[in-house]
Amino acid sequence: MEITHTHSKSHTGYGGYVLIWLILIGLTVLTVSVSGIDFGNATLPLALLIATIKSVLVINIFMHIKHEDKIFRLFIGVALLILIVAFVFTAFDVFFR
Amino acid sequence: MTHQAHDNSYVSYLDYKGKHSGIWAWLLSTDHKRIGLMYLTGIMLFFVAGMSLGFVMKTEMLSRGETLVDAQTYNALFTLHGVIMIFLVIIPGIPAAFGNFFLPIQIGAKDVSFPRLNLFSFWLYMAGGVVALSSLFLQGGPIDTGWTFYVPYSLRTNTNVSLALLAAFLLGFSSILTGLNFITTVHRLRAPGMGFFRMPLFIWALYSTAWIQVIATPVIGITIVLVIVERLFSIGIFDPALGGDPILFQHLFWIYSHPAVYIMILPAMGVVSEIIPTFAKRTIFGYKAIAFSSLAIAFIGYFVWAHHMFTSGMSDLARIIFSLFTFLVAIPSGVKVFNWVATLYKGSIEPRVPFLFVMMFIFLFSIGGLTGLVLGNLATNIHTHGTYFVVAHFHYVMFGGTVIILFGALHYWFPKMFGRMYNEKVATVSVILIFIGFNGLYFTMFILGYMGMPRRYWDYLPEYQLLHTISAIGAYILIAGILLMLHNLWKALRKGPKAVQNPWGGVTLEWTVPSPPPLENFDEIPIITHGPYEFPEAKGVK
Amino acid sequence: MREATYNEQVTDGTMNIKETNPISHAVSEPHPHVHRDDIGSKLGMWLFLFTEILLFGGLFILYMAYRFQYSEAFHIAARDLNVNIGTLNTIILLTSSLTMALSIAAIQKGKRILSMTLIASTIAFAAAFMVNKYFEWGAKFAHGIYPGSSHLLEKEKGEIIFFGLYYSMTGLHGIHVMVGIILLSIMFVSVWRGKTNPDKFIILENSGLYWHLVDLIWIFLFPLFYLIH
């Protein structure tokens with residue numbers, strides 16, 4: 001029985017992380033500056049869209065998912081799918097009362 | 001079959017000496033088998049406690065008016081009965097006890113992925129149990145909200161709600177950690193050659209269950225925390241006086257608690273899928289169908305929670321959608337039952353004790369499942385909601401389903417776990433008593449509920465007298481059967497004859513190791529070359 | 001799905017709670033073999049993160065429902081929140097996420113001191129976040145806006161709920177930040193003592209995952225509470 005090390009490979013380099021950080025700060029500035037503007041019904045979805053882009057970056061780069069096995073992505077997909085189900089099915093009640 | 005291939009040249013997990021001694025050799029052991037056994041002990045003790053509360057309740061209902069306890073005590077009784085049975089017996093029941101013991105063995109591993117975490121989750125279980133019981137005796141008195149802790153009453157009552165909720169939180173955390181451990185173990189520690197489709201179906205069931213434990217339990221965690229915070233600081237989130245919406249509590253509660261129903265039943269279905277091939281000496285019919293139906297049940301289980309809330313005043317659209325999805329759950333459940341029955345077809349069936357439990361399960365669970373359709377249907381739900389019909393339904397599925405299989409699993413794996421055999425004749429008698437008592441106790445409740453007897457009531461109208469009496473007598477028979485069964489097992493544990501390695505002629509991996517198994521299960525990790533249920537002597541088994 | 005699986009005891013990884021070593025009990029196996037399964041540890045960590053996501057998920061569901069029900073009141077109540085502090089805290093947390101990711105990259109390259117410096121700066125950012133939070137909450141309390149206060153109870157129901165959610169969600173998040181500070185301090189010591197090293201850094205990676213999750217949750221909390229007027 002041999003000892004098998006299942007190391008993860010090295011991920012993004014320093015520069016890559018700093019770049020992502022700059023984008024994240026940029027998106028934060030964007031979302032704050034547009035919050036004063038009234039987009040009507042689109043205001044909330046726009047804020048959530050920016051937040052989603054930010055989280056995709058964090059998950060993929062900072063949390064290394066881009067470099068991990070497929071199984072991690074599958075797991076995250078399952079968890080998020082179920083979270084979304086909980087939101088949507090609750091909405092069937094509270095939005096239609 | 002080779003008997004005791006290793007003779008006495010090994011030290012079993014029961015006998016080895018570690019660095020701790022006495023009780024600490026158990027309480028600090030990270031061996032999955034010892035942890036499983038400790039869970040089993042805890043679960044059986046709590047089961048007896050919950051059963052005793054049930055006994056008092058049925059005796060109270062034997063006649064009208066005050067028979068044994070007053071109304072407030074009765075409220076506390078059914079609450080505690082529910083809390084103990086659900087959170088301390090049924091949810092941990094099969095996964096924590098038998099899952100811990102047999103999951104690593106059945107996939108050919110030496111232990112789970114995180115053994116210390118496993119021990120930690122057992123401690124959380126014990127801590128939860130202690131907190132739950134201490135809420136009984138501390139000032140404020142035992143809780144009276146029902147096991148569902150519905151707001152706003154749970155915000156207003158002066159009983160020890162916060163403490164009981166804390167207990168539920170700890171137990172939930174314990175359940176999460178067990179699930180996390182099992183998922184990782186199944187992914188990482190399968191023996192060479194054991195692909196997903198060579199895993200025993202019990203493992204598939206545990207795997208599906210583990211996903212529910214991980215994904216659903218946190219939702220009840222936050223709900224519990226919010227109720228405690230609401231009681232302490234009046235943040236208003238669930239309090240209608242401050243603008244909160246109690247129905248949202250129900251949503252969050254059932255987002256967990258409905259999938260939790262599948263945490264309870266899926267492992268039982270897994271055990272059934274183990275026992276049936278062993279006693280029919282045939283490979284399981286529709287392996288993949290059963291495996292995927294476990295996943296399907298776990299998944300669809302997330303779409304149906306609000307069928308517990310049809311009369312709560314939620315939107316009609318939601319009621320229709322949740323009712324529809326509720327019917328869909330019947331499909332994978334049906335797939336399982338039909339495949340089991342098909343496995344039995346032309347099998348050489350040996351109706352020994354574990355098999356009898358399985359037959360009882362199929363009968364009782366089918367009744368439970370079919371009456372579930374009555375409740376899942378919007379129109380008939382209005383009539384039966386909040387009546388004894390619901391009580392009967394969930395006892396048929398939870399008790400007739402999970403607990404009966406908990407007993408069945410105990411009888412199936414008892415010789416493996418303890419290396420001793422019980423008296424099968426006595427066990428058969430206890431099975432018959434349990435069957436008669438069970439139906440006497442709960443079938444009458446269907447009729448009572450249909451007639452309009454509300455659940456959780458301490459008293460009743462004269463026209464219900466006869467059925468309540470029959471029900472109570474059924475309860476006594478049932479309890480007698482359970483006590484006989486426990487006595488039989490206890491006797492076997494102390495001085496039963498030595499069990500052989502493979503008393504039933506099973507073919508999954510646990511039957512290839514000695515009874516009781518050695519510390520790390522396998523001398524050498526097996527290499528798997530075929531599916532889990534291939535019987536070499538498939539044709540003529542004596 | 002990875003089919004390569006291993007059967008050794010896994011005694012490594014962040015999931016270790018107690019100091020008892022299961023192998024040391026062994027009598028049947030005189031030369032126990034300790035195997036590391038870094039992917040297994042990480043899988044376990046991600047599963048744990050899912051429980052965190054679902055924990056907050058429950059609160060976000062409540063937020064959705066109440067925002068729909070009391071959308072006017074939410075807009076009014078949100079005016080009482082300080083956007084500048086919120087933005088500052090967002091930037092602080094994002095930056096702490098950067099230093100966290102960099103510290104893992106540093107340890108992989110064998111730069112122990114750099115890694116320790118980066119972990120220390122992550123802790124410092126986390127502390128700064130909490131200090132800001134302290135002043136923010138303190139100012140609210142000074143204005144009489146806290147759960148159960150008579151000033152708050154005079155307001156509309158929707159505003160009471162807004163602040164109920166605000167306190168419970170940012171409060172729970174704050175608890176996670178504090179846990180993160182403790183966790184990262186342990187990591188600092190671990191790198192210092194060489195227990196976490198270029199050959200074995202899965203614990204640091206898992207702590208990093210936790211820290212990024214704390215950041216992720218804030219990414220959603222920030223616009224939902226501070227940017228809705």
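This is a predicted model: local features need pLDDT of at least 70, side-chain atom pairs count only at pLDDT 80 or more; totals for chains, interfaces and linings use all residues.
Local features need pLDDT of at least 70 and side-chain atom pairs count only at pLDDT 80 or more, while totals for chains, interfaces and linings use all residues. Residues are numbered from 1 along each chain as its sequence is written, and chains are lettered from A and ligands numbered from 1 in the order in which they are written.

Helices here are DSSP runs of H or I with at least four residues, strands are runs of E with at least two, and both are numbered from the N terminus. Of the 229 residues in chain C, 55% are buried. A residue counts as buried if 20 or more other C-beta atoms lie within 10 Å of its own, as exposed if 12 or fewer do, and as partly exposed in between, with C-beta atoms placed from the backbone. Among contacts in chain C with a separation of 6 or more, 76% link residues 24 or more positions apart. Two residues are in contact if their C-beta atoms, placed from the backbone, lie within 7 Å.

Helix 2 of chain C (residues 71-78) has A73(C), F74(C) and A77(C) as its buried residues. Looking down the axis of helix 2 of chain C, these buried residues fall within an arc of 105 degrees, so they line one face of the helix. The arc is that of the directions from the helix axis to the C-beta atoms. The buried residues pack against helix 1 and helix 6 (157-192) of chain C, and the face turned away from the buried side carries the exposed residues S71(C) and E72(C).

Another pairing in chain C brings together helix 3 and helix 7, which pack at an angle of about 160 degrees with their axes 10 Å apart. Axes are lines fitted to C-alpha atoms, for helices over the stretch in contact, and angles run from 0 to 180 degrees between N-to-C directions. Helix 3 and helix 7 of chain C are therefore roughly antiparallel to each other; angles over 145 degrees count as roughly antiparallel, under 35 as roughly parallel, 65 to 115 as roughly perpendicular and the rest as oblique. Helix 3 of chain C passes helix 7 of chain C in a left-handed crossing, meaning that the near helix is turned anticlockwise from the far one by less than a right angle. Residues making the contact include G86(C), L93(C) and M100(C) of helix 3 and G208(C), W211(C) and W218(C) of helix 7 of chain C. By class, this contact divides into 12 nonpolar, five polar and two charged residues. Ala, Val, Leu, Ile, Met, Phe, Trp, Tyr, Cys and Pro count as nonpolar, Asp, Glu, Lys and Arg as charged, and the others, Gly among them, as polar.

Chain C also touches both other chains discussed here. Towards chain A, 39 residues of chain C are in contact with 39 residues of chain A. Helix 1 (38-69), helix 3 (83-108) and helix 7 (202-226) of chain C each give two or more residues to that side, and helix 3 gives the most, with 12 residues. Towards chain B, 46 residues of chain C are in contact with 55 residues of chain B. On the chain B side, helix 7 of chain B gives the most, with 10 residues, and the side as a whole has 32 nonpolar, 13 polar and 10 charged residues.

Within chain B, helix 2 (residues 32-60) and helix 3 (residues 71-106) pack at about 155 degrees, with axes 8 Å apart. That makes helix 2 of chain B roughly antiparallel to helix 3 of chain B.

G481(B), in helix 15 (residues 465-495) of chain B, is buried, with 21 other C-beta atoms within 10 Å. G481(B) and G437(B) are 44 residues apart in sequence but 7.8 Å apart in space, C-alpha to C-alpha. A cis peptide bond joins V151(B) and P152(B), with omega about 0 degrees. H64(A) is not a glycine, yet has a positive phi of about 65 degrees; H64(A) sits in the loop between helix 2 (43-62) and helix 3 (70-94) of chain A.
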